[in-house]
Amino acid sequence: MDANDSSDLVEIRQAIDMLDGHIVALIAEREKWVQRAGQVKRDQDEDAVRAPARVEAVIARVRALGVSAGASPEVVERTYRALIAAFVDLELVVHAREDSSVRRGELPSSS
């Protein structure tokens, strides 16, 4: 399905829903790697998890990928900053301890 050829809103929404399924599957795969990184970094301090230089390198790389793919680099950056922030929170929990809730990918409640 080509987004440029579709004018039917139902079809557009179905295509977006299909893409969301792919995106969520990729987020789940990325989460497994992030949890593993948190485990590997247990003997390091929290700065190793936050890794601001690494974050900026990832942002630069995904902005360039966005341009190559025809996406707005600003939207890609904003999306990745939110994604990275959520994964850093998860990785900090994994880094600090491993319990059953972390293995299930649950973050502590923010209450």
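Arg50 and Glu46 sit about one helical turn from each other, because they are four residues apart in helix H2 (residues 46-50). Helices here are DSSP runs of H or I with at least four residues, strands are runs of E with at least two, and both are numbered from the N terminus. The two side chains meet in a salt bridge, at 3.4 Å from N to O. By salt bridge I mean a side-chain nitrogen of Lys or Arg within 4 Å of a carboxyl oxygen of Asp or Glu. In general, side chains of opposite charge can pair when their charged atoms come close.

Arg50 is partly exposed at 40% relative accessibility, and Glu46 is partly exposed at 41%. The cut-offs are these: buried is under 20% relative accessible area, exposed is over 50%, and partly exposed is in between, with a 1.4 Å probe and protein chains only.

Before going on, a word on the source. This is a predicted model, in which local features need pLDDT of at least 70 and side-chain atom pairs count only at pLDDT 80 or more, while totals for chains, interfaces and linings use all residues. Residues are numbered from 1 along each chain as its sequence is written, and side-chain values use heavy atoms, with hydrogens and water left out.

Now the chain as a whole. It has five helices and zero strands, so the order from the N terminus, by the DSSP runs I described, reads α-α-α-α-α. There are 111 residues, and 24% of them count as buried. The chain exposes about 8000 Å², of which carbon and sulfur atoms supply 56%; the areas come from the Shrake-Rupley method with a 1.4 Å probe, and for residues only the protein chains shown count as cover. Contact means heavy atoms within 4.5 Å. Among contacts with a separation of 6 or more, 63% are between residues 24 or more positions apart.

Back to salt bridges, of which the count is six. Which residue does Glu74 pair with? Its partner is Arg63, at 3.6 Å from N to O. This pair links distant parts of the chain, with Glu74 in helix H4 and Arg63 in helix H3, eleven residues apart. Glu74 is partly exposed at 46% relative accessibility, and Arg63 is partly exposed at 24%.

Arg63 also forms a salt bridge with Glu77, where the closest N and O atoms are 2.6 Å apart. Glu77 is in helix H4, 14 residues from Arg63 in helix H3. Through shared partners, salt bridges join Glu56, Arg63, Glu74, Glu77 and Arg81 into one network. Ala60 is found in helix H3 and is partly exposed at 47% relative accessibility.

What makes up the largest nonpolar core? Nine residues do: Val49, Val55, Val58, Ile59, Val62, Val76, Ile84, Val88 and Leu92. Helix H3 (52-69) and helix H4 (73-96) each give two or more residues to this core. A second, separate core has five residues, including Val34, Leu83, Phe87 and Leu90. A nonpolar core is a set of buried Ala, Val, Leu, Ile, Met, Phe, Trp, Tyr and Cys residues joined through side-chain atoms within 4.5 Å. Leaving aside neighbours within four places in sequence, Val88 is in contact with Val49 and Arg50.

His95 is another residue in helix H4. Is His95 buried or exposed? It counts as buried, at 10% relative accessibility. Its side chain reaches the backbone oxygen of Lys41 at 2.9 Å, a polar contact, that is, a pair of N or O atoms within 3.5 Å; within protein, one must be able to donate a hydrogen and the other to accept it, and residues adjacent in sequence count only if both atoms are side-chain atoms. Not counting residues up to four places away in sequence, His95 touches Gly38, Lys41, Arg42, Gln44, Asp45, Glu46 and Val49.

Most residues other than glycine have a negative phi. Ala51 is not a glycine, yet its phi is positive, about 35°.
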